[in-house]
Amino acid sequence: MEFSVWGFPILKFNFENPEKALEDILKYANEERLNEMSDEWNAKCKSTAMSRDLDIMKHIHHELENILKKLSEHFQIPLEKLSFKGCKHPECFGDYWVNQYTKGDQQDVHYHMNPEFGDPPLFSFTYFAKYDPEKDAKFYFFNPSPAPDLYKDFIDTRSEFNLRKELDIQEGDIVIFPSYMLHGVDEQLRDEPRITLSGNIHGLSKK
């Protein structure tokens, strides 16, 4: 399913077996693996790369490969030009990670275009593994306008003037968006953890 947010295409798909995906992610999301991200990003949450645990990630990687095929078909991008790896080197692992938000955690507005990490990805994604849309912190896109406050009195007239936009997201959904889109996560207000799998999809050149 495709949505348009400020004219940019947003895709939403589902995993084939979200119960198994949640089971595997919960195995991975424990105190020994997750690290505080406050000092590294403009965030307060626990996070870790998932790709090095091959046994645990096997089903997750299978689900992501199916999503990659859907993305390829939707945008008519050759599948061989898309990858979860940021490079072609055999030791280059998938560019995705687990995020766990507990009470008081949040993620400020950001994008995934940091030049320090090499070529920017084409798309980014978030999979909502453990998520209650009525109780958990909202994922949102931030208005890319350089001066959104100028239009705050007109948000009832045109939705394009809103400072932010949220999607109708359910547990088990995966949202894919261009990596340059500004996005964030509100503060988690309850004790139950909110757990997502986020990452990037890279374009492979002929080099």
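Colleague: In this predicted model, is F8 buried, exposed or partly exposed?
Modeller: The relative accessibility of F8 is 24%, and the class follows from the limits, because buried means under 20% and exposed means over 50%. A value that lies in between places F8 among the residues that count as partly exposed.

Colleague: Which geometry does the pair formed by the rings of F8 and Y180 have?
Modeller: The search of the whole structure finds 12 aromatic pairs, and in the one made by F8 and Y180 the ring centres are 5.3 Å apart. The planes of these two rings stand at 75 degrees, and because planes over 60 degrees apart fall in that class, the pair of F8 and Y180 is edge-to-face.

Colleague: How many residues apart in sequence are the parts that the pair of F8 and Y180 ties together?
Modeller: F8 belongs to strand β2, residues 8-14, whereas Y180 sits in the loop between β12 (173-178) and β13 (183-185). Y180 is partly exposed, with a relative accessible area of 42%.

Colleague: What kind of aromatic pair do F139 and F177 form?
Modeller: F139 is in strand β10, residues 139-142, and F177 is in strand β12, so the pair links parts of the chain that are 38 residues apart. F139 counts as buried at 4% relative accessibility, and F177 counts as buried at 0%. With 5.9 Å from centre to centre and 50 degrees between the planes, the pair of F139 and F177 is tilted.

Colleague: Which residues are linked by ring pairs into a cluster?
Modeller: F139 and F177, the two residues of the tilted pair, both belong to the cluster. Taken together, the residues that ring pairs link into this cluster are F128, Y131, F139, F141 and F177.

Colleague: At what distance from the ring centre of Y140 does R164 lie?
Modeller: There are two such arrangements to set side by side here, and in one of them R194 lies over the face of Y101, at 5.1 Å from the ring centre. In the other, R164 lies over the face of Y140, and its distance from the ring centre is 4.0 Å.

Colleague: Why is strand β9 described as largely enclosed by the rest of the structure?
Modeller: Strand β9 covers residues 123-130. Five bridges join β9 to β12, and these strands run antiparallel, with T126 standing opposite V175 in β12.

Colleague: Which residue of β14 is the bridge partner of F125?
Modeller: β14 spans residues 194-203 and is joined to β9 by seven bridges, the two strands running antiparallel. Within β14, the bridge partner of F125 is G199.

Colleague: K165 has no salt bridge, so which side chain of opposite charge is nearest to K165, and how far away is that side chain?
Modeller: K165 has its place in strand β11, residues 164-166, and is buried. Not counting residues up to four places away in sequence, K165 touches V5, W6, Y140, F141, S159 and E160. A salt bridge would need the charged atoms within 4 Å, whereas the nearest side chain of opposite charge, E160, is at 5.7 Å.

Colleague: What is the phi of W6, and is W6 buried or exposed?
Modeller: Most residues other than glycine have a negative phi. W6 is found in the loop between β1 (2-5) and β2, and its phi is positive, near 55 degrees. At 16% relative accessibility, W6 counts as buried.

Colleague: Q76 also has a positive phi although it is not a glycine; is Q76 buried or exposed?
Modeller: The phi of Q76 is about 55 degrees, and Q76 lies in the loop between α2 (54-75) and β6 (82-83). Its relative accessible area is 72%, and Q76 is exposed.

Colleague: What distance separates the C-alpha atoms of P9 and F75?
Modeller: P9 lies in strand β2 and is partly exposed, with a relative accessible area of 25%. Leaving aside neighbours within four places in sequence, P9 has contacts that include F75, I176 and F177. P9 and F75 are 66 residues apart along the chain, and their C-alpha atoms are separated by 9.9 Å.

Methods. Residues are numbered from 1 along each chain as its sequence is written. This is a predicted model: local features need pLDDT of at least 70, side-chain atom pairs count only at pLDDT 80 or more; totals for chains, interfaces and linings use all residues. Side-chain values use heavy atoms; hydrogens and water are left out. Rings of Phe, Tyr and Trp (its six-membered ring) pair if their centres lie within 6.5 Å; planes under 30 degrees apart count as stacked, over 60 as edge-to-face and the rest as tilted. Helices (H or I, at least four residues) and strands (E, at least two) are DSSP runs, numbered from the N terminus. Buried means under 20% relative accessible area, exposed over 50%, partly exposed in between (1.4 Å probe, protein chains only). A charge sits over a ring if NZ of Lys or CZ of Arg is within 6 Å of the ring centre and within 35 degrees of the ring normal. Two strands pair if DSSP finds at least two bridges between them. Lys and Arg count as positive and Asp and Glu as negative; His and the chain ends are not counted. Contact means heavy atoms within 4.5 Å.
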